[in-house]
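Colleague: I am new to this structure. Can we go through it in short questions and answers?

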Amino acid sequence: MRRKELRILLVVCLGTFFHIQSVGSISISLSAIQKEFGATLAAVQWIGLMGAIMLSSLSLCFGRAGDLVGRRTIFKMGLALYTAGAGLAAVAGSFPQLLAFRFIMALGVAMAAPLAGAIIASIHGPESRGQALGWLAASIALGRTTGPTIGGLILHLWGWRAVFLANCIFGIATCLTLFMVLKGREERREVSFDFLGVVSLVIGFPSFLIALSLGPRLGWDASEIALWLGLAAGGMASFVWRELHAKAPLMNLSYLKSIPLVRSMLALVLATLAFYPVSIFGPLYMLNVIRASPLLSGFVMATLPLCTT
């Protein structure tokens, strides 16, 4: 592996570790955020869910944008946006402000996360690509494992605002490193952009999650729930129809004919269904119900990615 390839690999892994570990550190902070702003459980869970929603809804969009604008450019913009959002979240004066700044952070994750593997794969040949992607996977696993512990320690010593501030400081250092290493001209491709597919996906998937969030509180027969479920059904149906007919779809649905791929995707979905609810509600239970310390909660939550990685 050449020195230039090694530098790019290390800095992309650093950026990936940065935004992955922050997911766990922020989840540990949800109880303190809820107490300070007096937010409901249904509201505070969106601080944790925002990243997953944006990543699921926009990763395909920014993956294609990387082909048009440049993968390194989008990756750097995403981490810079995430860092700015973390700094703003640290000084948020109200819960709506915090939620808005968390939206900015989640948008940054959606920009950066899909392109890390593409950047690494593009600079490594077949003989070293597997090893390089293995290092990227290791940085993701390390970020998931250390995030709750780091967040618990910071929360125990300085409070939840310091968790966001630490993410901002570490993000500034990471961004400076990225801008020094990932520079120069990069390959761009003239490909069409499926705007209708993006709009359909952005409408459909978040609407479904909003319905699931509001259903237990409003009742599943409420008119608001019917509206959100209708938007979800319409958006997802429109997305599938568009991807089947677009010349350059965001997601080539013909790949789903591969049984091994479908099995892998199903396994990933099931692992995610197990991981995210526990990662969000686990810290809330330990801190609010059994009154565990933030540091102990962080250590306990670190075992979750160890079991699911």
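Colleague: Which helix holds Asn 167?
Modeller: This is a predicted model, so every answer rests on a prediction. In it, Asn 167 has its place in helix H7.

Colleague: Is Asn 167 buried or exposed?
Modeller: Asn 167 has 3% relative accessibility. Buried means under 20%. So Asn 167 counts as buried.

Colleague: With which residues is Asn 167 in contact, leaving aside its neighbours within four places in sequence?
Modeller: Sequence neighbours within four places are set aside here. The contacts of Asn 167 are then Phe 18, Gln 21, Ser 22, Ser 25, Ile 26 and Ala 86.

Colleague: How is the pair of Phe 18 and Phe 170 classed, and why?
Modeller: The structure has 6 aromatic pairs. In the pair of Phe 18 and Phe 170, the ring centres are 5.6 Å apart and the planes stand at 55 degrees. Planes under 30 degrees apart count as stacked and those over 60 as edge-to-face, with the rest tilted. The pair is therefore tilted.

Colleague: How many residues apart in sequence are the parts that this pair ties together?
Modeller: Phe 18 belongs to helix H1 (residues 3-28). Phe 170 belongs to helix H7. The pair thus links parts whose separation in sequence is 152 residues.

Colleague: Which residues form one aromatic cluster?
Modeller: Phe 18 and Phe 170 are both members.

Colleague: How does helix H2 lie to helix H7, and why?
Modeller: The axes of H2 (residues 30-37) and H7 (residues 160-181) come within 8 Å. They cross at roughly 125 degrees. That angle makes H2 oblique to H7.

Colleague: What residues make this contact, and how many are nonpolar, polar and charged?
Modeller: From H2 come Ala 32, Ile 33, Glu 36 and Phe 37. From H7 come Trp 160, Arg 161 and Phe 164. By class, the contact has 2 charged residues, no polar ones and 5 nonpolar.

Colleague: How many disulfides are there?
Modeller: A disulfide needs two cysteine sulfur atoms within 2.5 Å. The sulfur of Cys 13 is 16 Å from the closest cysteine sulfur, in Cys 175, which is too far for a bond. For Cys 168, the nearest cysteine sulfur is also that of Cys 175, 9.1 Å away. The count comes to 0 disulfides.

Colleague: Are these residues buried or exposed: Cys 13 and Cys 168?
Modeller: Cys 13 has 11% relative accessibility, so it counts as buried. Cys 168 has 13%, so it too counts as buried.

Colleague: Where is Thr 16, and what does it touch beyond residues up to four places away in sequence?
Modeller: Thr 16 sits in helix H1. With a relative accessible area of 3%, Thr 16 is buried. It touches Phe 75, Ala 116, Leu 136, Ser 139 and Ile 140, not counting residues up to four places away in sequence.

Colleague: Is Lys 76 buried or exposed?
Modeller: Lys 76 lies in helix H4 (residues 71-89). Leaving aside neighbours within four places in sequence, Lys 76 is in contact with Leu 178, Phe 179 and Leu 182. At 13% relative accessibility, it counts as buried.

Colleague: How far apart in space are Ser 213 and Trp 46, C-alpha to C-alpha?
Modeller: Ser 213 is part of helix H8. Ser 213 contacts Ala 42, Gln 45 and Trp 46, leaving aside neighbours within four places in sequence. Ser 213 and Trp 46 are 167 residues apart in sequence. In space, C-alpha to C-alpha, the distance is 9.0 Å.

Colleague: What is phi of Arg 291 near?
Modeller: Arg 291 is in the loop between helix H10 (259-288) and helix H11 (294-301). Its relative accessible area is 60%, so Arg 291 is exposed. Most residues other than glycine have a negative phi. Arg 291 has a positive value, near 60 degrees.

Key
Residues numbered from 1 in each chain as written. Predicted model: local features only at pLDDT ≥ 70, side-chain atom pairs only at ≥ 80, totals over all residues. Heavy atoms only, no water. Axes fitted to C-alpha atoms, helices over the stretch in contact; angles between N-to-C directions. Helix = DSSP H or I, 4+ residues; strand = E, 2+ residues; numbered from the N terminus. Parallel < 35°, antiparallel > 145°, perpendicular 65-115°, else oblique. Contact = heavy atoms within 4.5 Å. Nonpolar A, V, L, I, M, F, W, Y, C, P; charged D, E, K, R; others polar. Buried < 20%, exposed > 50% of the residue type's maximum accessible area, 1.4 Å probe, protein only. Phe/Tyr/Trp six-rings, centres within 6.5 Å; stacked < 30°, edge-to-face > 60°.
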